[in-house]
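Reader: Please show me the model, and let us go through the terms used to describe it. I would like each label set against its cut-off.

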Amino acid sequence: MTMLAVNNLMAGHGLLTAVRDVSFDVRAGEVLGVIGANGAGKTTLFRTLAVVHPAQSGTITLDGADVTRLAPSRRVASGIAMVPEGRRLFIDMTVRENLQVAGENGRSGAWTLPTVLDALPVLAPLLNVLTGGLSGGQRQAVAIGRALMSNPKVLLLDEVSLGLSPVAIEGLYEQLAGLKGRGDTAMVVVEQDLDRAMEFSDRVICMLEGRIVLDGQPQTLGKQAITEAYFGLAHGEMVDA
Ligand code: ATP
């Protein structure tokens, strides 16, 4: 079932068009990886999907409902949850309080404190700990748990591994793989690590100067084609992959 459908989306900053004619669908249980070099338009796309940045034209449809012009205050209730780059948590609140606040402000559904702890077991021993004292990886898990507590239909994850140690990244992706396995949420993931993006995503889109220049299953596309698209190289040019 298509959960998120994006059609001919355009978005920008003043006269600069940062997202050009972008279209894709994501099904429930599917992970779409968004890759591209700095300035390719990934963050603008993300913020537009999260309705915090206005679309210039095109449509964003969530589970059949047009959310393109939705007021940002209606985002969480509509089923879009974003785990932003740099996660914004209430650091003087405990993990439990962070999760509960999100639950109170979100939709009701299968995600409750017990089910979130099942999915993200790393959080269970931390429930009464102040969030400000956690490691980067633990905070990121709280940010994901908080997003889940709103019972999203679409989970947007923007560079969630940024600044984490390799061990923390491994742990985080294990938890995300568990979520993916449940099959009820569509995920859109911006990930700078190409190998990681290829491994975790069912499909990848590669952006260059605001456009999608490559779209497909990572195994079918192959690392070389993805790397070339990432750097904007014409087919056949040599790259050190
Ligand atoms: P990065 O990986 O560096 O975050 P990105 O792929 O997310 O890059 P965007 O941040 O969406 O790309 O930037 C796309 C284009 O829009 C770039 O040319 C950038 O300079 C421009 N841009 C981004 N944010 C703004 C802004 N607030 N005002 C003006 N131009 C912006």
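Reader: What do the buried residues of helix 9 pack against?

Author: In this predicted model, the buried residues of helix 9 pack against strand 3 (31-35), helix 7 (194-200), strand 9 (203-208), strand 10 (211-216) and helix 8 (218-221). Contact here means heavy atoms within 4.5 Å. Helices (H or I, at least four residues) and strands (E, at least two) are DSSP runs, numbered from the N terminus. The model being predicted, local features need pLDDT of at least 70 and side-chain atom pairs count only at pLDDT 80 or more, while totals for chains, interfaces and linings use all residues. Residues are numbered from 1 along each chain as its sequence is written, and side-chain values use heavy atoms, with hydrogens and water left out.

Reader: Which residues of helix 9 are the buried ones?

Author: In helix 9 (residues 223-231) they are Ile-226, Thr-227, Glu-228, Ala-229 and Tyr-230. Gly-232 follows the helix, with a positive phi near 70°.

Reader: Why is Gln-175 called buried?

Author: Buried means under 20% relative accessible area, exposed over 50%, and partly exposed in between (1.4 Å probe, protein chains only). Gln-175 has 13% relative accessibility, so it counts as buried. Gln-175 lies in helix 6 (residues 166-182). Leaving aside residues up to four places away in sequence, Gln-175 touches Ala-119, Leu-120, Pro-121 and Val-122.

Reader: Why is Thr-220 called exposed?

Author: The relative accessible area of Thr-220 is 63%, and therefore Thr-220 is exposed. This residue belongs to helix 8. Its C-alpha atom is separated by 9.7 Å from that of Arg-203, 17 residues apart along the chain.

Reader: Which element gives the largest share of the shell around the ligand?

Author: Helix 1 does, with three residues.
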